[in-house]
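Please keep the sequence and the 3D view at hand while reading.

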Amino acid sequence: MTLPYKVGDAVLLSREREGIVRYIGNVHFSKGIWCGIELVGGSLGTNDGKMEGRRYFTCGRNRGLFVRIGKVRRKFREKDHSSAARQKRK
């Protein structure tokens, strides 16, 4: 299965939160594929990459968050935005 994201991708979440993907995979607390996100830009999370005693990734205290992969949107980079604008003009 090909995943739409990889570790290190900059992404958008609900409520205009931004973050960096630090983990992708299965977790012990739920079924399905989850992303471990390190939040940036002042947003607060719920952990530091450790959930119920298991470490999935490392980040600052209250900067980590786990979300289902379907709730993540890739953050547009400037070159992506420019390419999309050029394609619409044709």
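Strand β6 (residues 64-68) is mostly covered, with 4 of its 5 residues buried; buried means under 20% relative accessible area, exposed over 50% and partly exposed in between, for a 1.4 Å probe and protein chains only. Strands are DSSP runs of E with at least two residues, numbered from the N terminus. The model is predicted: local features need pLDDT of at least 70, side-chain atom pairs count only at pLDDT 80 or more, and totals for chains, interfaces and linings use all residues. Residues are numbered from 1 along each chain as its sequence is written, and side-chain values use heavy atoms, with hydrogens and water left out.

**Sheet**
- An open sheet of 5 strands runs in the order β6-β3-β2-β1-β7, with antiparallel pairing; two strands pair if DSSP finds at least two bridges between them.
- Its edge strands are β6 and β7 (73-74), each of which pairs on one side only.
- β6 pairs with β3 in the antiparallel sense over 5 bridges, and Phe66 in β6 is the bridge partner of Gly36.
- Strand β1 (residues 10-12) pairs with β7 in the antiparallel sense over 2 bridges, and Arg73 in β7 stands opposite Leu12.

**Glu38**
- Glu38 is located in strand β3 (residues 30-40).
- Leaving aside residues up to four places away in sequence, Glu38 touches Glu18, Gly19, Ile20, Arg22, Phe57, Cys59 and Arg63, where contact means heavy atoms within 4.5 Å.
- The side chains of Glu38 and Arg22 make a polar contact (2.7 Å); this term denotes a pair of N or O atoms within 3.5 Å, where within protein one must be able to donate a hydrogen and the other to accept it, and residues adjacent in sequence count only if both atoms are side-chain atoms.
- Between Glu38 and Ala10, the C-alpha to C-alpha distance is 9.6 Å, and they are 28 residues apart in sequence.
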